[in-house]
Amino acid sequence: AALEEALCELEGGVRTLLTPSGYQAVTTAILAFVKSGDHILMVDSAYQPTRKFCDTLLARLGVTTTYYDPLIGGGIADLIQDNTRLVFTESPGSLTFEMQDIDAIAHAAHARDAVVLMDNTWATGLYFRPLDHGVDVSINACTKYIVWHADAMLGAITANQRAEAHPVSLPA
């Protein structure tokens, strides 16, 4: 509980949920906001296991995924469909380190009532506070910097008030 509170304060959220791994944090956060028939936009530079999750399990559940160029910025508005429920960002991108225009992406997504998630593992709340830039849910694989590379497995999901109030949201 103390770690959840500290991470929540670091990220500027209203609630943090710890998970046994970063991958589980990613999948739990995505599944909290989608259902069969929904569409998500996933950054093309996403962590490879996240991409595999979208292409396999989400596809079997009837959720479609469109991968987008990390440098699209506000142009993401052109990719948002009527059934787009979620836009997933990661900045810097895994292995490629592109910096996304998070503010522009969040603005476009919110205009169409989509939830914005961000894998913030590379920056953590110390170097970038995504919730201050329009992101609704910040995800961290705490295995990397928070507990220092593989000393322990841990993930964290931090939500803002908009995400907490969403009809489909993080588990209690």
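Modeller: **Salt bridges in the predicted model**

Aspartate 136 and arginine 162 form a salt bridge, with their closest N and O atoms 2.9 Å apart; a salt bridge here is a side-chain nitrogen of Lys or Arg within 4 Å of a carboxyl oxygen of Asp or Glu. Aspartate 136 lies in the loop between helix H5 (124-127) and strand E6 (137-141), and arginine 162 in helix H6, so the pair ties together parts that are 26 residues apart in sequence. Helices (H or I, at least four residues) and strands (E, at least two) are DSSP runs, numbered from the N terminus. This is a predicted model, in which local features need pLDDT of at least 70 and side-chain atom pairs count only at pLDDT 80 or more, while totals for chains, interfaces and linings use all residues. Residues are numbered from 1 along each chain as its sequence is written, and side-chain values use heavy atoms, with hydrogens and water left out.

Aspartate 136 is buried at 0% relative accessibility, whereas arginine 162 is partly exposed at 29%. Buried means under 20% relative accessible area, exposed over 50%, and partly exposed in between (1.4 Å probe, protein chains only).

Glutamate 164 also forms a salt bridge, with arginine 15 (3.1 Å, N to O). This pair links distant parts of the chain, 149 residues apart: glutamate 164 is in helix H6 (residues 161-164) and arginine 15 in strand E1 (residues 15-19). Glutamate 164 is partly exposed at 27%, and arginine 15 is partly exposed at 22%.

Lys35, Asp38 and Arg85 are linked in a network of salt bridges. The count comes to eight salt bridges.
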